[in-house]
Amino acid sequence: MQTKQSIAILGATGNMGSALAKSLAKGNYRLLLKSSNPKKLQALVREIKTSHPGADLEAIDCPTEACWEADIIIPAIPYTAQEEVAAKIKEFANQKIVVSIANPLNATYNGLVTDPDTSAAEELQKLLPHSKVIKAFNTTFAADFAQPVIDGKQVDGFVAGNDPQSLETVSEMVRTAGFNPIVAGDLKASRTLENMQLFLIQLTLKYDYNWLAGWKILHN
């Protein structure tokens, strides 16, 4: 029997955090949900339990407690909060998978705040040198989780990282969430992935995709 992995989602009541929680509740995972808004968190737990009565999930008050128990940690937070959150979880994230979903966007969405020779994921890896940082879920909008098939095509979910086993683990999470996982490369590939989402946001604003859009590689 496959061992059930525990996933801590920090910022679970945000747009991306709640979308991730609802999607991953379908899988064989134990979800540990942390939010700074306890009332919204309890409402999210009730909503997920209604949709998935068999879901194994728990609202956690303390981020360190959630990370201590978890096998996988997802900081569903803005890039601006990354350094602060990394400092809080560093001790408890040792040798664990930490999924970077952040995009380091500037205030006007016309560029990234990171230098061209780095990425949000690589910066997180520097902050958590003993963790296995994997880039994932950053090229999808929150609405895509509820509708991962757009125009008849399953949206691709790109994954990047340096640890092969962790890439497999996170690819399975991407598949559980409803997307087609594609391993893009090592963690340096996250530079491209973060620029891809910047570009998708720019196109969405220009052509009014209503925040329901995603990437799909068509091939034979």
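**Helices and salt bridges**

Modeller: Helix H7 is followed by Gly178, whose phi is positive, near 110 degrees. Helices (H or I, at least four residues) and strands (E, at least two) are DSSP runs, numbered from the N terminus.

Biologist: Before we go on, what kind of model is this, and how are residues numbered?
Modeller: This is a predicted model, in which local features need pLDDT of at least 70 and side-chain atom pairs count only at pLDDT 80 or more, while totals for chains, interfaces and linings use all residues. Residues are numbered from 1 along each chain as its sequence is written, and side-chain values use heavy atoms, with hydrogens and water left out.

Biologist: How far apart are the end C-alpha atoms of H7?
Modeller: They are 19 Å apart, which agrees with the 18 Å that the 13 residues of H7 (residues 164-176) should span at 1.5 Å a residue. The expected span is 1.5 Å times one less than the number of residues in the helix.

Biologist: Which residues of H7 are buried?
Modeller: Ser166, Leu167, Thr169, Val170, Ser171, Met173, Val174 and Thr176 are, where buried means under 20% relative accessible area, exposed over 50%, and partly exposed in between (1.4 Å probe, protein chains only).

Biologist: Take Ser171, then; what does its side chain reach?
Modeller: The side chain of Ser171 reaches the backbone oxygen of Leu167 at 2.7 Å. Ser171 counts as buried because its relative accessible area is 9%. Leaving aside residues up to four places away in sequence, Ser171 touches Val159, Pro181 and Val183, contact being heavy atoms within 4.5 Å.

Biologist: Moving to H8, what covers its buried residues?
Modeller: The cover includes helix H5 (120-127) and strands S6 (132-135), S9 (156-161) and S10 (180-185). The buried residues of H8 are Ser190, Leu193, Glu194, Met196, Gln197, Leu198, Leu200, Ile201 and Thr204.

Biologist: And what span should H8 have?
Modeller: At 1.5 Å a residue, the 18 residues of H8 (residues 190-207) should span 26 Å, and the end C-alpha atoms are 25 Å apart, which agrees. Just after H8, Asp208 takes a positive phi of about 55 degrees.

Biologist: Changing topic, how many salt bridges does a search of the whole structure find?
Modeller: The search finds 11, a salt bridge being a side-chain nitrogen of Lys or Arg within 4 Å of a carboxyl oxygen of Asp or Glu. One of them pairs Arg30 with Glu58, the closest N and O atoms being 2.6 Å apart. Arg30 lies in strand S2 (residues 29-34) and Glu58 in strand S3 (residues 56-60), so this pair ties together parts that are 28 residues apart in sequence.

Biologist: Which residue does Glu122 pair with?
Modeller: Glu122 forms a salt bridge with Arg191, with the closest N and O atoms 2.8 Å apart. This pair links distant parts of the chain, since Glu122 is in helix H5 and Arg191 in helix H8, 69 residues apart. Glu122 counts as buried at 12% relative accessibility, whereas Arg191, at 22%, counts as partly exposed.

Biologist: And where do Glu123 and Lys126 lie?
Modeller: Both lie in helix H5, three residues apart, about one turn of the helix. Glu123 is partly exposed at 22% relative accessibility, while Lys126, at 58%, is exposed.

Definitions and conventions
A polar contact is a pair of N or O atoms within 3.5 Å; within protein, one must be able to donate a hydrogen and the other to accept it, and residues adjacent in sequence count only if both atoms are side-chain atoms.
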